[in-house]
Amino acid sequence: MKHLGRYILTIAILLAALATARGDNTFSTMTAAEISALLDRIPAAADAGPQAVPAKGTVMPADSMTPLPVDVTALEMLTKVYGCISPRVSKHECVDSSRRIIRLTPLDDNGTLWLDTDGGYRLNYYGLVPDVSAMARFDGDNESLSDFGYFFLFPYAGSSRRDGMKKQTDFCGTLLQEMADMGLPMDLNTATDDLFEAVGDYQGSLVDVRLLDDRNSDGSGRYILILSVEPNAFTAADDVAAL
């Protein structure tokens with residue numbers, strides 16, 4: 001769909017149609033409260049497994065117990081599960097690839113495979129290494145990948161909100177600029193309650209970038225940047241339906 005996002009109404013129709021067709025919520029339609037509750041629940045069980053090593057062949061020093069992050073670009077995050085695994089994998093193959101490439105076993109939560117910073121998983125995006133939870137979700141029948149994504153966390157205390165804001169601004173700005181440099185047009189959804197939501201089509205995949213402010217009553221909280229990808233989300237029939 002070459003003109004996705006030109007009309008915000010078209011974006012809303014497509015997102016709703018995809019969620020309805022799948023019979024569940026996509027991450028692009030979940031509320032901030034639902035996202036926050038999901039992230040609070042998943043990482044607690046994701047801290048088991050061996051130490052991680054980088055995906056690009058760098059060997060971890062023998063005397064180091066600190067896992068090294070996986071170096072990624074925007075392209076790798078958009079086209080590879082966990083930033084390093086082909087999306088053309090079954091659920092079983094995804095687990096095997098994760099163990100082989102980054103030496104971590106994903107947590108299986110009702111068909112969704114999670115990796116989390118608390119369990120040793122980290123991404124290095126041009127020197128920016130925020131806490132992150134990454135997921136890959138599979139269809140129940142044939143266990144083919146349905147969508148995958150990343151949840152980047154930028155926590156702040158009540159007295160240091162500006163620090164969290166700067167970190168998320170640096171990350172978001174770099175990511176959106178690189179997407180633009182890739183020729184991926186991202187259009188803003190002005191109807192959202194998020195800090196921002198940008199939607200685009202990359203080679204037939206739905207790319208959704210959302211920034212949420214998960215604030216507590218005492219002024220502390222965290223910014224949550226969600227990058228979700230649904231491979232092969234659009235067909236000619238979708239284009240016709242949107243019109």
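Guide: Let us start with a term that will return throughout: a residue is called buried when its relative accessible area is under 20%, exposed when that area is over 50%, and partly exposed in between, with a 1.4 Å probe and protein chains only. Helices (H or I, at least four residues) and strands (E, at least two) are DSSP runs, numbered from the N terminus. The model is a predicted one, in which local features need pLDDT of at least 70 and side-chain atom pairs count only at pLDDT 80 or more, while totals for chains, interfaces and linings use all residues. Residues are numbered from 1 along each chain as its sequence is written, and side-chain values use heavy atoms, with hydrogens and water left out.

Visitor: Which residues does the face of α4 turned away from its buried side carry?

Guide: That face carries His92 and Arg100, both of them exposed. The buried residues of helix α4 (residues 91-101) are Lys91, Cys94, Val95, Ser97, Ser98 and Ile101.

Visitor: Which residues of α2 are buried?

Guide: In α2 the buried residues are Ile35, Ser36, Leu38 and Leu39. Seen down the axis of α2, they fall within an arc of 160°, so they line one face of the helix. Ala33 and Asp40, on the other side of α2, are exposed. Among the elements covering the buried residues of α2 are β3 (112-116), β5, β6, β9 and β10 (221-230).

Visitor: Why is strand β8 described as largely enclosed by the rest of the structure?

Guide: Because seven of the seven residues of strand β8 (residues 196-202) are buried, the strand is largely enclosed by the rest of the structure. Both faces are covered, with Phe196, Ala198, Gly200 and Tyr202 buried on one side and Glu197, Val199 and Asp201 buried on the other.

Visitor: How many bridges join β8 and strand β9?

Guide: Two strands pair if DSSP finds at least two bridges between them. β8 and strand β9 (residues 205-215) have seven bridges and pair in the antiparallel sense, with Asp201 standing opposite Leu206 in β9. The two strands form a hairpin with two residues between them, and Gln203 in the turn has a positive phi of about 50°. Strand β7 (residues 187-188) also pairs with β8 in the antiparallel sense, over two bridges.

Visitor: What makes the contact between Arg41 and Asp109 a salt bridge?

Guide: A salt bridge is a side-chain nitrogen of Lys or Arg within 4 Å of a carboxyl oxygen of Asp or Glu. The side chains of Arg41 and Asp109 meet at 3.1 Å, N to O, and the contact is a salt bridge. This pair links distant parts of the chain, with Arg41 in helix α2 (residues 32-41) and Asp109 in strand β2 (residues 107-109), 68 residues apart. Arg41 counts as partly exposed because its relative accessibility is 46%, whereas Asp109, at 17%, counts as buried. By this rule the count comes to 10 salt bridges.

Visitor: How do you know that Asp147 is buried?

Guide: Its relative accessibility is 2%, so Asp147 counts as buried. The side chains of Asp147 and Arg137 meet in a salt bridge of 3.0 Å, N to O, and Arg137, at 12% relative accessibility, counts as buried.

Visitor: What contact does the side chain of Ser133 make?

Guide: A polar contact is a pair of N or O atoms within 3.5 Å; within protein, one must be able to donate a hydrogen and the other to accept it, and residues adjacent in sequence count only if both atoms are side-chain atoms. The side chain of Ser133 makes such a contact with the side chain of Asp116, at 2.4 Å. Ser133 is found in strand β5 and is buried, with a relative accessible area of 1%.

Technical notes: Arc of directions from axis to C-beta. Contact = heavy atoms within 4.5 Å.
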